[in-house]
Amino acid sequence: LIKLLKENTNTEKERGRSQKYHKRTRYLYALFFDQERAVYIGQSVDLKKRWQQHRSAAGKWNRHFRPVELASYEMTQHEAEEMEELWRCKAHSQGWR
């Protein structure tokens with residue numbers, strides 16, 4: 001019984017972890033604040049829903065922004081976070097803050 005319980009616990013842990021490390025289509029996007037020459041880079045598995053969240057009152061974006069899809073990749077969340085950082089560096093090197 002103990003062995004069976006441990007196996008079930010390990011399987012649950014692996015399932016929980018696999019979401020973060022599971023490859024799926026992830027969208028990298030930018031919100032451009034043109035007047036300030038500022039940009040926010042993000043990633044999501046549901047781009048339309050994420051943009052709606054940014055636009056909602058709960059999103060607390062009180063400035064006008066222009067959303068742009070940068071790319072979509074089949075990758076893990078960890079890989080997408082690394083790609084986000086690369087896009088931020090690229091934007092910064094082009095004068096966006």
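1. Helices (H or I, at least four residues) and strands (E, at least two) are DSSP runs, numbered from the N terminus. Tyr 40 lies in one such run, strand S2. The model is predicted: local features need pLDDT of at least 70, side-chain atom pairs count only at pLDDT 80 or more, and totals for chains, interfaces and linings use all residues. Residues are numbered from 1 along each chain as its sequence is written, and side-chain values use heavy atoms, with hydrogens and water left out.

2. Overall make-up. The chain has 3 helices and 3 strands. From the N terminus on, the elements run α-β-β-α-β-α. Of the 97 residues, 25% count as buried (under 20% relative accessible area; exposed is over 50%, partly exposed in between; 1.4 Å probe, protein chains only). The accessible surface comes to about 7300 Å² (Shrake-Rupley method, 1.4 Å probe). Carbon and sulfur atoms hold 51% of that surface. Take the contacts (heavy atoms within 4.5 Å) with a separation of 6 or more: residues 24 or more positions apart account for 62% of them.

3. The sheet. Three strands form an open sheet in the order S2-S1-S3, with antiparallel pairing. Two strands count as paired if DSSP finds at least two bridges between them. S2 and S3 stand at the edges, each with a single partner strand, so one side of each has no neighbour in the sheet. Neighbouring strands are turned by 20° against each other on average, direction ignored. Axes here are lines fitted to C-alpha atoms, for helices over the stretch in contact; angles run from 0 to 180 degrees between N-to-C directions.

4. Strand S1. With S3 (residues 66-75), S1 pairs in the antiparallel sense over 9 bridges. Tyr 29 stands opposite Glu 69 in S3. With S2 (residues 38-44), the antiparallel pairing has 7 bridges. Here Leu 28 has Gln 43 as its bridge partner. S1 and S2 form a hairpin with 4 residues between them. In the turn, Arg 37 has a positive phi of about 55°.

5. Tyr 40 is partly exposed, at 29% relative accessible area. Its contacts, leaving out residues up to four places away in sequence, include Tyr 29, Phe 33, Arg 50, His 54 and Trp 61. Tyr 40 and Trp 96 are 56 residues apart in sequence, and 9.5 Å apart in space, C-alpha to C-alpha. Gln 43 also lies in S2. At 16% relative accessible area, Gln 43 is buried. Beyond four places in sequence, Gln 43 touches residues that include Arg 26, Leu 28, Gln 77, Ala 80, Glu 81 and Glu 84.

6. Nonpolar cores. A core is a set of buried Ala, Val, Leu, Ile, Met, Phe, Trp, Tyr and Cys residues joined through side-chain atoms within 4.5 Å. The largest has 7 residues: Tyr 29, Leu 31, Phe 33, Ala 38, Leu 47, Trp 51 and Phe 65. S1 gives the most, with 3 residues. A second, separate core of 6 residues includes Phe 32, Val 39, Ile 41 and Ala 91. In soluble globular proteins, nonpolar side chains tend to be buried together.

7. Helix H2. H2 packs on the sheet and touches S1, S2 and S3. Its direction makes about 30° with that of S1. Which residues of H2 are buried? Leu 47, Trp 51 and His 54 are. They cover an arc of only 55° around the axis (taken from the directions from the helix axis to the C-beta atoms), which puts them on the same side of H2. S1, S2 and S3 are among what covers the buried residues of H2. On the other side of H2, Lys 48 and Gln 52 are exposed.

8. Helix H3. H3 (residues 77-93) lies across S1, S2 and S3. It runs at about 165° to S2.

9. Tyr 29 as a reference point. Tyr 29 belongs to the largest core. Not counting residues up to four places away in sequence, its contacts include Tyr 40, Gln 43, Leu 47, Trp 51, His 54, Val 68, Glu 69 and Leu 70.
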